[in-house]
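Hi,

Here is the structure I promised to pass along. Have a look at it first, and then read on for what turned up in it.

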Amino acid sequence: MNIDLPHIARLSGLRIEEYKLPQLQQDFEDMLAMINHLPEEPDMLPVDQDNCMQLREDTAEAGKFTRDALLQNAPAVQSGCAVVPKTVE
Amino acid sequence: MRLYEKTAAELSGMLRNKECSAVEILADVQERIQETEGEIHAYLTFSESSMQQARAVDQARARGEVLHPLAGIPLAVKDNISTKGLRTTCASRMLEHYIPPFDATVIRKVKDAGMVILGKTNMDEFGMGSSTETSYFCTTHNPHRLDCTAGGSSGGSAAAVASGEATLALGSDTGGSIRQPAAFCGAAGLKPTYGSVSRYGLVAYASSFDQIGTLGRSVTDIALLHSLICGYDPMDATSAYRKYADCATALKPDIRGLRIGIPQEYFNQDISDDVKNSVMTALRQLTALGAELKEISLPGTEYAVSAYYILACAEASSNLARFDGVRYGYRAKEYTGLTDMYERTRSEGFGDEVKRRIMLGTFVLSAGYYDAYYKKAKAAQRRIALEFNEAFKECDIIAAPAAPSGALGLGEALSDRVGMYRNDRCTVPVNLAGLPSLSIPCGRSADGLPHGMQLIGKPFAEQLLLNTAYAYERSTGGFAEVAQQGGAV
């Protein structure tokens, strides 16, 4: 299978150096050969009624975190906001 | 015998009887870490507040407070579980300096119980690997043989427990990441039923499979810690809403009449003769205790590795999209715009295995391939789950090897990545079906490497698994002995 790896990398938000592409192509072919082993069968999931998801009330909780605590790991912060490169000229 | 060699249950009794203090236990385990960590590399970060936690337990006991049985017991925590104020890296350059502003629910529970957190343990980067060799920081070595891997991805937790560098440990299991390293290191490891332990604060790899679980050197220890961390949590939408019994107080070594299913697909030519012999010897022991063996078949097992890698990587490609260098984590030093910053940050911050799995996940979800891969993998997952359901009509639990071989040599897994994926064949079916599974040591190879047998149960049948393992442990003398290969005096 001919896979456009630079395209998949872009979709993944990644960049692969040119010199790594041949090895990655080989890795992908090996992985696809492995994951291709799947049966042809209809989708037949019975819903497990005994273990339904229980969602919590959608209520806002104030004061759980401070802005500073949430921004303490941000690589660049200015005036209480995460800084990103300029996107609009 | 030194304190680091004792189980949590033994130490708990000694604390209660005032034969030792939590500070003394911590000091001895820290001394053990000094002795062996240079060769094992189980930890990435040590807590600076562990002595303070131990002192607080001793003071509370002196005041006559009623404490949890695990109060004062040293605990190692896998480095993908958020610990407030304590670095949590997922063994990735991406999170090298990340300090969580909150505790995972399981951490809140162990802190409330008075457990003493020693530090954060090494792992495969974001849980992606089976040997702890994809860690950005270091490779964890097997305490039984330093030229072998500790398994993965919870290799640091397994090695810490097996070497006496921790009394108990928390790990996480997405495709076998607790059970396989437990088997390789000669420890016990419980992967609980999906939904029974909160995932709030566990950094996600594949959310529909990820599950936090426990590692220790005795079944009672595993039962104590599991009972502490399980339970419904509104902060985790996939948390199962039900009542959870205390597994530790209900431990019973009586397995007379227990029907144990032996799936032929887990004893074929892909499994080493050594491992098969160890597991069959353990099963004979269980029959001597009154259990009955029944041959069963789980034919969908052959599709499990394919289905698992498609689904897990698809989820990973979505989950790891959050690492973009904006709100937390690594950011590339040089870039020319927003998209360039994203791509450089992620390309420099993630290791090769993580990038490979993100790309595989993106590929199987991309236009034109979704039906061929993702949809078929979901159908295979359902088939595997249904086959387990059918099997449990004929048996109470299922027994199988936890891994196809003993611990691999260093570098072996990375030199054959597809081989490494295939080596997950014993463990991934359980994650696909969301079942509980407990791996216990069950013998060794000729060269002294431990083997593991996993006991698989119906959803929420942890008690039955623990009782079976408890019966085995009591009849064989157990597996509490600490590995001494790692430089102990």
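This is a predicted model: local features need pLDDT of at least 70, side-chain atom pairs count only at pLDDT 80 or more; totals for chains, interfaces and linings use all residues.

Helix H4 covers residues 105–112 of chain B, and its axis comes within 9 Å of the axis of H7(B), at a crossing angle of roughly 115°. On the H4(B) side the contact is made by B:Val106, B:Lys109 and B:Val110, and on the H7(B) side by B:Leu225, B:Leu228 and B:Ile229. Sorted by class, that contact has five nonpolar residues, one charged and no polar ones.

Helix H7 (residues 219–229 of chain B) packs against helix H16 (residues 462–476 of chain B) with the axes 9 Å apart and an angle of about 160°. How do the two helices run relative to each other, roughly parallel or roughly antiparallel? An angle over 145° counts as roughly antiparallel, and H7(B) and H16(B) are therefore roughly antiparallel. Their crossing is left-handed. If you want to click through the contact, select B:Val219, B:Thr220, B:Ile222, B:Ala223 and B:His226 in H7(B), which meet B:Glu462, B:Leu466, B:Ala469, B:Tyr470 and B:Glu473 in H16(B). Those residues split into six nonpolar, two polar and two charged.

One residue of that contact is worth a stop. B:Thr220 sits in helix H7 of chain B. Leaving out residues up to four places away in sequence, B:Thr220 touches B:Ala9, B:Leu251, B:Tyr470 and B:Glu473. B:Thr220 and B:Thr249 are 29 residues apart in sequence, and their C-alpha atoms are 9.1 Å apart in space.

A further helix pair to look at is H9 (residues 304–319) and H12 (residues 371–391), both of chain B, whose axes come within 9 Å and cross at roughly 125°. That angle makes H9(B) oblique to H12(B). The crossing is left-handed. H9(B) brings B:Ala304, B:Ala307, B:Ile310, B:Leu311 and B:Ala314 to the contact, while H12(B) brings B:Tyr373, B:Tyr374, B:Ala377, B:Lys378, B:Ala380, B:Gln381 and B:Ile384. By class, this contact has 10 nonpolar residues, one polar and one charged.

Now for the empty space. Rolling a probe the size of a water molecule over the atoms shows where space is left unfilled. How many cavities of 30 Å³ or more are there? The count comes to five.

- The largest cavity has a volume of about 90 Å³. It is lined by 15 residues, and the closest to its centre are B:Gly129, B:Ser130, B:Gly175, B:Ser177 and B:Asp424. Its lining has four nonpolar, nine polar and two charged residues.
- The second largest cavity has a volume of about 50 Å³. Its lining is made up of 13 residues, with B:Asn80, B:Ser172, B:Thr174, B:Tyr205 and B:Asp210 closest to the centre. By class, they divide into five nonpolar, six polar and two charged.

There are pockets as well, and the second largest pocket holds about 660 Å³ of space. It is lined by 23 residues, of which B:Tyr98, B:Phe102, B:Gly201, B:Arg322 and B:Tyr328 lie nearest its centre. This lining has 14 nonpolar residues, five polar and four charged.

Last, two backbone details. Most residues other than glycine have a negative phi, and most peptide bonds are trans. Where does the model depart from that? The peptide bond from B:Gly152 to B:Ser153 is cis, with omega near 15°. You will find B:Ser153 in the loop between strand S5 (145–149) and helix H5 (155–163) of chain B. In chain A, A:Ser79 has a positive phi, near 50°, and is not a glycine. A:Ser79 lies in the loop between strand S1 (77–78) and strand S2 (81–82) of chain A.

Happy to go through any of this with you on screen.

Cheers

Definitions and conventions
Residues are numbered from 1 along each chain as its sequence is written. Chains are lettered from A and ligands numbered from 1 in the order in which they are written. Side-chain values use heavy atoms; hydrogens and water are left out. Axes are lines fitted to C-alpha atoms, for helices over the stretch in contact, and angles run from 0 to 180 degrees between N-to-C directions. Helices (H or I, at least four residues) and strands (E, at least two) are DSSP runs, numbered from the N terminus. Angles under 35 degrees count as roughly parallel, over 145 as roughly antiparallel, 65 to 115 as roughly perpendicular and the rest as oblique. A crossing is left-handed if the near helix is turned anticlockwise from the far one by less than a right angle, and right-handed if clockwise. Contact means heavy atoms within 4.5 Å. Ala, Val, Leu, Ile, Met, Phe, Trp, Tyr, Cys and Pro count as nonpolar, Asp, Glu, Lys and Arg as charged, and the others, Gly among them, as polar. On a 1 Å grid over the protein atoms alone, a cavity is a set of points where a 1.4 Å probe fits but cannot get out, and a pocket is an open set with protein on both sides within 12 Å along at least five of seven lines; lining residues have an atom within 4 Å of a point. Grid points are joined across faces, edges and corners, and a volume is the space filled by probe spheres set on the points.
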